[in-house]
Each structure stands twice: as C-alpha cells, then as structure tokens.
Amino acid sequence: MSFEPKILGIACNWCTYTGADLAGTTRLQYPQNLRVVRVMCSSRINPSFIFRAFQLGADGVLIGGCHPGDCHYNTGNLYARRRLAVTKKILEFSGLEPGRFRVEWISASEGNKFAEVVTEFTAQIKSLGPQTKFKISQ
Amino acid sequence: MTENNPYIPMPVEISKVIDEVDSHDIKTFRFTFLNKEDEENFKYLPGQFAELSIYGKGESPIGIASSPTQAGYVEFTVQRAGTIVPGLVTAALHDMDEGGKIGLRGPLGHSWPIEFLEKKDIVVVGGGFAFTTLRSLINFMLHEDNRSRFGEITVIYGARTPGLLLYKDELAQWEKRDDIKTVITVDKGDDTWTGRQGFVPAVCREVAPSPKNTVAVICGPPIMIKFTLPVFFELGFSKENILTSLEMRMKCGIGKCGRCNVGYKYVCSDGPVFSLAQLEELPRDF
Amino acid sequence: MLKKTTIDKLPELAAALMEKGTLVAPVKEDAGFNFREITDAKQVDLIFHNTIISPKSAFFPQVEDFVRYQTGKSILEAAPVELNLKPTFLFGVRPCDVKSFQIMDIHFSGTGVVDPYWQKRREATTIFGFAFDMNEAADAAEFYHTLGIGAADPEGSDIFMVRKDDILMLKVITPKGEKLMTGLSFLTDASADEIKYFDDYITKGYDYKTCYTCVDTEAIAREFEAIFDNADFWTKISDACLSCGVCTFVCPTCYCFDICDETLFSQGTRRRVWDACMFTDFTLEASGHNPRTKVYQRLRQKVCHKYSYHIRKYGVISCVGCGRCTRYCPVNIDIFSIVEEAVKAKWYKRL
Amino acid sequence: MTISFKQIEEKLKTEAKRLLESGQASVVLAYGKGYDEKHPMPYVARNPSDVANIVFNEYCNYNMARYLVRYPAGTKIAVAVKAADSRAVIQLIQEEKVKREDLVLLGIPVYGMKNPKTQEIIDGKTTGGLYNPVLYDILLGDEVHGQAIQSPYDVLAAYELMDKEARFAFWKKEFDKCIRCYACRKACPMCYCDPCFIDQNKPKWGDKSPQSHGNLMYHLTRFHHLAGRCIDCGECSRACPVDIPLYLFHKKVAKECEEMFGQAAGMSIEDKPALVNFRVDDSDKILE
C-alpha cells in the first residue's frame, strides 16, 4: 500500500480557510491528506500545537494565514511570521526534516493557490516518507 | 496486583444524580457498588472521605455525604471545580448521568470521633458547600439505632442564598422533628425566603449553645471558621471540644504520597478530622 | 562467611547474577554514575564515589505504572499492571544509601497501609552493600557520619563488599545473602589476613569523616518546631533557593509522589511519578488555595519534614547524609548547614 | 591583564555597604560563602553587617537577575551583574518585570569563570561573547579590553555540521536523560511564568513522567518560549544535574533570532523583545 501521509493544516478563518472553501466550491481537485483546523488568526497558533501534532503522528504541518498586511486584525500575521520562523528553526535544529513544516500566505480569493500548495506539499511529504522522529511510539 | 492494592479503585455505578443548588455546580451523586464484596468492605463512619477516580482524568478526594445507616449506596456531593484550577475529575463527573461507571477508593481517613461524641450534646455548624460530612454525621445520629447515644443535637447551617442550601428536603424534615434543633440561615434572602437571615457567626451567638458537656463540630469556608471560632470561645467551649475537618491537597489518601503533610501529621491518614487543640499543635502550614 | 574475587573478574560475577535475575548496578554515564539495569556484564563499574540518582529508584522508580485503561471504555476493562519481578540484585550500594531503605521501609511498609509496590520490589531484591573507599578524600557535601552511619556500615545489606586494591571481599550478612552466596561457586574463601582487614575496615569506617555527631534527635525535632514561625530565618535560608526539584529527586529518602493519568489517544496509564515538595503546584488545591506559595515555605517544609516531622512521626531523621542534595544543588545550598543554623549547633557536638 | 577576584570582592563589599547604609537599596543580590570555596552561593545582603559574608571568585557563576522577580514591585534592589547577567536585567526591564529606577546595577567586568565540577573555563559557553556588563551603574573594576573574544556561537559549529539524523539522535539521547526536576527553568532568569505551560492540566501539553515525548515537548517549547529572550548565561545547563547541554540549543535559537530579526536579546532597554515585535518589511525568507 502506498504511503498516505497525514497532514495537519491550521488555517486562519479569514483568508486561508475561506480560500479552502473557495477551492472546494470551485471543485478544484487536491489530495485528501490534509485535515484542516480553523483558527481565528495565524497568530493564535501556539508553537506547541505544531510540536504536539508531530508527536501525535502528523507527517507534515501546513499553516495558512493572510498575506502580510492583509490580516483581519491588522498585525496578527506579522507576529505569527516571526514566531513560526523560530518554530521552523527549532524543528530543524532538533533534527526534524525541515520540509515537513510549511507556512503559506493564502488569501480568501486564492482557491487555486490553496489547491496548488496542498498538492505540492502532499507530494513533498510523500517523498519524505512517514514521520517517525517525533511520533510517540506506543 | 489487584489484591490488597490500595491504589486500585473499585468500580461503582451512578444510580442517582441530584442537582442541589440553583447554580447547578453542586450535585449529589449516589453510587452503588458493582461488586458485592466491595460493598461489604466499604465500612465507613461519618467524616471519612474517598477518592473518586475517573481513568484518564485523575482522582479527587471527596467527603462521604451519606450516612453508614443508609445501606446499599454511598453518596458524594461534588462541586464542579474550575474557577482557578481546572478540575478535571469533578467536571467529568458532572457531565455523567445515571448509569455512568467510575472508580472509588476508600473509605479513607478518620471519621468524626463517634465514641467521643456519645452521651454529649452536639452543635453542628456548617457553612455553604462544606456541609457534606456534617450531613452524614447528622443522619447517622438521627437514625433510630443511634439517636439515644447522643444528647441534644443543634444544627446551625448557613449558605449565601436560599438557592445555595444543600439537601433542602432533608433540612425540611429535620425542622419538623423535635429531637433536633435546626437553625437555617442565609446571608441574604430572596422574595420567597421566610427564614432567618444573617451570617453564621452572628447566628451562633444568638443561638448561644451551652458549652456544658457539648461538642461543636464546625465545617465551612475559612472566612466562616475564622469568625465563628471566637464566638464559641466566648461561649466557653474548650479547644478539645471544637472539631473541624481540614482540607489539603491529597493524592494517595493513605499517607504515602507526602502531599498533605502538615507537621508530623498526614491530613489524609491522620485526619482530616482534628480538634482545635490538635490543630494548635501543628505548624500553621495549611 | 567471607568470600573474595578480583576486580577484573567483576564481569564474571555480574554475568552470574544476571543469569539468576535482574542486576542493577552502577554504570558510568556522561554526567556521572547511575544505577541501571545491566544488559552487558562489562558495564558494571565500581570505581565510583556515589551515583547521581539514589538507588531508591530500584524500589520506588520514578515512574511506576498502576493501571492501564482505555478512555471511553468502562472502568471494568481497566487492567492493573502486574509487576512480574525476577529476583533482583542491587549491586554496589553505599552504606548510607542502604540505610535509606530502612528509613523508607518505615514509611512504605512499616506503618499504616502497606505499599504493595515497594514491598514486592523490596522482597525480590538482594542488596550488595559496598563500603566507601576510605583512602579517597570524602566529598565536602557528605555528612553520613553525623547521622551515625559508618563509611563501611554493613547494616541493612544482605551481602557487604569491601574493596582492597584489586580484591573484592564479600561477606554474607543475612540468610537471604547466604542463600545467594552459596550459589556463586567461583568465589574463593578469603584468607585470615583478609578477614582481619575486612573487620578492621568496618570498625575504621565508624571513625571516618568526623564532622559532627548527633546527640539528640528528639531535641532537633523540637528546635525545628520552635523555629517554624520564624519567617525571617527561613527567608534568609531560602534566599538562594531556586525551588527546583533536584534535591528531592536525587535524595534517597524523599518519597513524595503524584498519581497521574497519562493518556495517548485512547490508551492510558495511571502511574505514580516522583513529585517534589519544592514545586509550586505541589499543594495547590482545587479551590485555588495554596498554603505554600513562597519559596521559603516550601524549603521549610522540606527541611522540617526531614529533620523534625519525620522524627515525630517515625522516630528517625529522614536523611542519611549522602550529600546528593548539596552536591547537585544548582546554587549549592548545604542542607546540613541549615540544620546546624536552625538548631544553633546546640544538639550537635563538634568532635 | 588578569582579573583580580579579590579586588572585585572588596569593591562589591564596599559598594554593597554604602548602598545599604544610605538606603539606596534595601537588598543587595550578590555572592556569598558556600560549603567550600569552590561552591559559593547566591547571597542576599539586607543589612550593612551582612556585607562581610559577600565573596567573589571564579566560581560565582550564578545569574543573580534570576532573583529579581521574587521581590515585590518597588523594592530597591542592588544586583551584582556580570556581562550576561546585565543582559538578563535589560531583558527583564524590556518585559516590564522590573523597573530600571528600582535597580542599582553593580557591574562586574570579568573573564575566566570556571565550572566547579570540571574546572573548565566556561567563558565561551556563557558570556555571550562579552566580558563587560552591557548596562551598569557602578563598575567594580576596570573594563576588560584586549582579551581575546570568543564568539558565543563558535561552539555551535560542530552541531550545525551534523546531518539531521545525527542531530536528532544527539538530542534524543540528551533529552532522554532528563529527570524533569525543572532546575533549568528555575535557574533561568527569563523563566518566570506561573504556572509554567508544562504544569498546566488543561490543556495538558506534556506528561509529568520523564519519558521521551514529554521531555521533548517540554524542552522544545521551552526553547521556543526563550527565543529572542535567552541572554546566553548558561545557567540552565549548569543547573542540570544530568548535564544536558541546553545552552547549545538556546544559542542556536538566539543565533537564528539575531540573524532573522537583527537584534540580540537584552542589549538595549529601548528594544522590544523580538517575538513580541515585528517589522512590516520582515522578509518571508525567514520562513523558508
């Protein structure tokens, strides 16, 4: 059986989540490996969410937020950008493949981009194989 | 490792849930044992407590609210914790209905000293939610087999509002009986409240029980205790004759985990019932 | 019965014990020595002063599983975790640590409810005590002698060992030890000279490292009770304290634990885990009330519990002077100097 | 030029005495005698007579800024600070945990501090490449100049070269040693949260038992919480009873933050901590 990765998506309510909706309503095809959790803003994402997701067996984590400057709360994603950049570096230095974590700015009108990013990211995770480093073995 | 293992809870089933107060955050749960031998082994006296145990959430030490004279079940009155510390066990329990199964570990700790109370007049003073083990004691003493062992019984019970009084049906029954004097008070009444208004310490002073051959059993929030004790000293009660139940964070309940250590006592295994005289020997660390 | 072997034959001895059951012995690790279950007979290393974590973990492991359960399923399906203990050999325990087992016995199995886990592990284990090397200077943090424990005190061990250069002498102390020793056929009998050396060594051990001697534990308990309310004293003592858990985790006589439900997906385990009275949330009640919010209150609890409450409750000081708490304290708080200051050296006689 | 520890000690005593006598400070956070010379202790002088107990030698590594948050707001505190410690004070001022006007900083320019366990000189690990305090009111001694400066990030080179598998194996081995005594967070001047995220039970981020996954969660999140705030004093690794080289990870994160946000922690009172700040022109490259 081919490897079907589990990917956690955390999407901002105003842009990426709406973008995902748009991708759906315009019937764009993209892999079903992504499970999306909606948050009100990308700056609401606690880095521990990401560590925890990897521990609970996510093979990849994709974060979606509004484009910088477009945040519904004006500056949320500007904070998030710095914070998630640090998260990325920490994951990298701890030895996790850097490709398993990705942040993308996807606006509400970019249904196409959403589908593209998910397709591309899923392919990338597939090539990386199952994530075993952080995953808690039972 | 099941045999004689004090850390393994016995299974019980919720047979009745009673919503006690207007704010719906205090409920009385009635449990029946799933194993007959557990029920036989669960011999307790008023004032003891047990650990309510829900796998995945944890354990919570709760005073037993039923009296051993009520055979076939045990009752616990549980407040949903969570204003400051999220209470996992109490929240999970509150979300359960009749038929839910949980674990029970006990009985733990020492009871109210029944032998010491015998042949004496008893004044029971309770405030708010801390009335649970007092209710157990009162029901125990009022039982026909036991009533003759005790002298006069006076109950002074207060809550903030009429809606926050626990065990309303039983209170009404007690008020009808003539072998117990029941004084119920609320800090502030509402439109329908016809009873007494006023704080517990003031009511105690008004009722003024005689200290002669009398033991006061007091349980309540710290602020009530703080103002009630001087009243009893004024009335002439000695420290040996004032009993209370101490609260401390507990985990094991059997004097092993070290958490409830106050001075050379473990509140769980050496208490939780202490006389004021015993408490004064302990360092003020609770 | 005094037997002997040479240090280079240690792996052989280890292998023989491993055949009979589980061997727990000091192993050299990055940060220092620790007692570990031995998987390779060559791991056993007796060139150590003392371990970082005390050997209490052999009987009271940091994590002890009680019950496995599944969330969403009935409590009736939860299964207690069986211990399945093989005979265990706790090898190379220093005399002060051996003493700690006796103190912990009083708490776990000697009074009140018996802790089945402690008792079962204790029954399954044979203890090989090991004398301190008296040629080596004592660590400045240690004070076992103060508490009346000799550097070569065989009390409490089943078999006691003394090393003389490259010879390891083993003496049977208890019937349990004797039963084991008769099965170890490759050990040879010690000579008369060696027997004398062994006995002299044990005697000498009581005079080794003489700082203070304790004269009256009851009085110490009283002094601590008298000083309890002196917040200034305790504040000063705890000025440096970080309120971390190092001292309690490395201590051989600290027994506080927490019972935790640890769930992963639907599988969970109820287990007991070491806890420390130095942690802020140790006494945090569900009502939000916490009687020990300040660092000094927690340090006071720790010190008074060991040197006062424990004497009152069980009649012994809950300390064996192994010096671990002092040695590994990030800010070098010397527990014994607290005791000395609290009792104003009144109840200790400087020798 | 060599450092005269004795001279610093004398100056520390004189200044502490003067501050306490004049009432400019009600407590002086300095170093005092421990159970032997190699093991001095953090010491708090409250009266002029306490000053006699103050010592200073090459083992006085403690970051006294750790104790600042313990005193009620408004307490006048004099604190002895070495280079890294002064950065901790600045960082705490940035985070509004202490006020500049409540503090008297007794700066100690020093190098050649030693680890009492190994006798190794630990400047490369713990000074952040500085020998002189960044901020001080009174300097106890002369500024250090001409001493070879070790970049704080030099020690990282070997670890950065490791491939990710080796790096993960390295950290897994180190984190597995953790016994969860929390000495690291308690020794850290920047760890003042109450309760700490790991002690929360709702949500519960990590188990209390010291198993790999809980340890990983605890340490990684702690590194994250200290990102842009860690001032490289090395207290966490020195406090660790099982010698986990936490300083390496903190240094790596500090280095990345410095590169990405152009600002090192605790260098100026006017700065804002990097992660509670942003620039509109932050590059998206940092996410790659």
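This passage describes the fold of one chain, the contacts between chains and several local features of a predicted model.

Chain A contains 4 helices and 4 strands. Read from the N terminus, its elements follow the order β-α-β-α-β-α-β-α. The C-alpha trace of chain A extends about 40 × 35 × 20 Å along its principal axes. A compact globule of 138 residues would have a radius of gyration near 14 Å, and the value of 14 Å for chain A agrees with this. Of the 138 residues in chain A, 55% are buried. Contacts in chain A between residues at least 6 apart in sequence join, in 82% of cases, residues at least 24 apart.

Helix α4 of chain A covers residues 111–128, which makes 18 residues. From the first C-alpha to the last, α4(A) reaches 26 Å, close to the 26 Å expected at 1.5 Å a residue. Its buried residues are G111(A), F114(A), A115(A), V117(A), V118(A), F121(A), T122(A) and I125(A). Viewed down the axis of α4(A), these buried residues fall within an arc of 165°, so they line one face of the helix. They pack against strands and a helix of chain A, namely β1 (7–12), α1 (16–25), β2 (34–39), β3 (60–65) and β4 (101–105).

The largest nonpolar core holds 319 residues, and V217(B) and V79(D) touch the most other members. Helix α9 (residues 246–261) of chain D supplies the largest share of this core, 8 residues. In soluble globular proteins, nonpolar side chains tend to be buried together. Apart from neighbours within four places in sequence, the contacts of V217(B) are W112(B), I122(B), V124(B), V125(B), L134(B), L137(B) and L243(B).

There are 5 pairs of chains in contact, and among these chains B and C share the most contacts. In this pair, 38 residues of chain B meet 40 residues of chain C. On the side of chain B that touches chain C, β4 (58–63) and β6 (101–108) of chain B are the elements that give two or more residues. The largest share, 3 residues, comes from β6(B). Sorted by class, this side of chain B has 16 nonpolar, 13 polar and 9 charged residues. Chain A and chain B, by contrast, are joined by no contact, and their closest C-alpha atoms lie 16 Å apart.

The contact between chains D and C takes 28 residues from chain D and 31 residues from chain C. On the side of chain D that touches chain C, β2 (41–45), α6 (183–187) and α8 (235–239) of chain D each supply at least two residues. With 4 residues, β2(D) gives the most to this side. By class, the side of chain D that touches chain C is made up of 17 nonpolar, 3 polar and 8 charged residues.

Several loop residues were examined individually. In chain B, L45(B) is located in the loop between α1 (36–41) and β3 (49–54). L45(B) has 18 other C-beta atoms within 10 Å and is partly exposed. Not counting residues up to four places away in sequence, L45(B) touches P68(B), S111(B) and I114(B). D179(B) is 134 residues from L45(B) along the chain, and the C-alpha atoms of the two are separated by 21 Å.

Two residues other than glycine have a positive phi. N213(B), which is not a glycine, has a positive phi of about 50°. N213(B) lies in the loop between α6 (200–207) and β11 (214–219) of chain B. With 11 other C-beta atoms within 10 Å, N213(B) is exposed. In chain C, the phi of N84(C) is near 45°, again a positive value in a residue other than glycine. N84(C) belongs to the loop between β5 (79–80) and β6 (88–93) of chain C. N84(C) is exposed, with 6 other C-beta atoms within 10 Å.

Cis peptide bonds occur in chain D. The bond from D194(D) to P195(D) is cis, with omega near 0°, and P195(D) lies in the loop between α6 and α7 (212–225) of chain D. The bond from K202(D) to P203(D) is also cis, with omega near 0°. P203(D) is placed in the loop between α6 and α7 of chain D.

Conventions
Residues are numbered from 1 along each chain as its sequence is written. Chains are lettered from A and ligands numbered from 1 in the order in which they are written. This is a predicted model: local features need pLDDT of at least 70, side-chain atom pairs count only at pLDDT 80 or more; totals for chains, interfaces and linings use all residues. The expected span of a helix is 1.5 Å times one less than its number of residues. A residue is buried if 20 or more other C-beta atoms lie within 10 Å of its own, exposed if 12 or fewer, and partly exposed in between; C-beta atoms are placed from the backbone. The arc is that of the directions from the helix axis to the C-beta atoms. Two residues are in contact if their C-beta atoms, placed from the backbone, lie within 7 Å. The radius of gyration is taken over C-alpha atoms; the globule rule is 2.2 Å times the number of residues to the power 0.38. A nonpolar core is a set of buried Ala, Val, Leu, Ile, Met, Phe, Trp, Tyr and Cys residues joined through C-beta atoms within 7 Å. Ala, Val, Leu, Ile, Met, Phe, Trp, Tyr, Cys and Pro count as nonpolar, Asp, Glu, Lys and Arg as charged, and the others, Gly among them, as polar.
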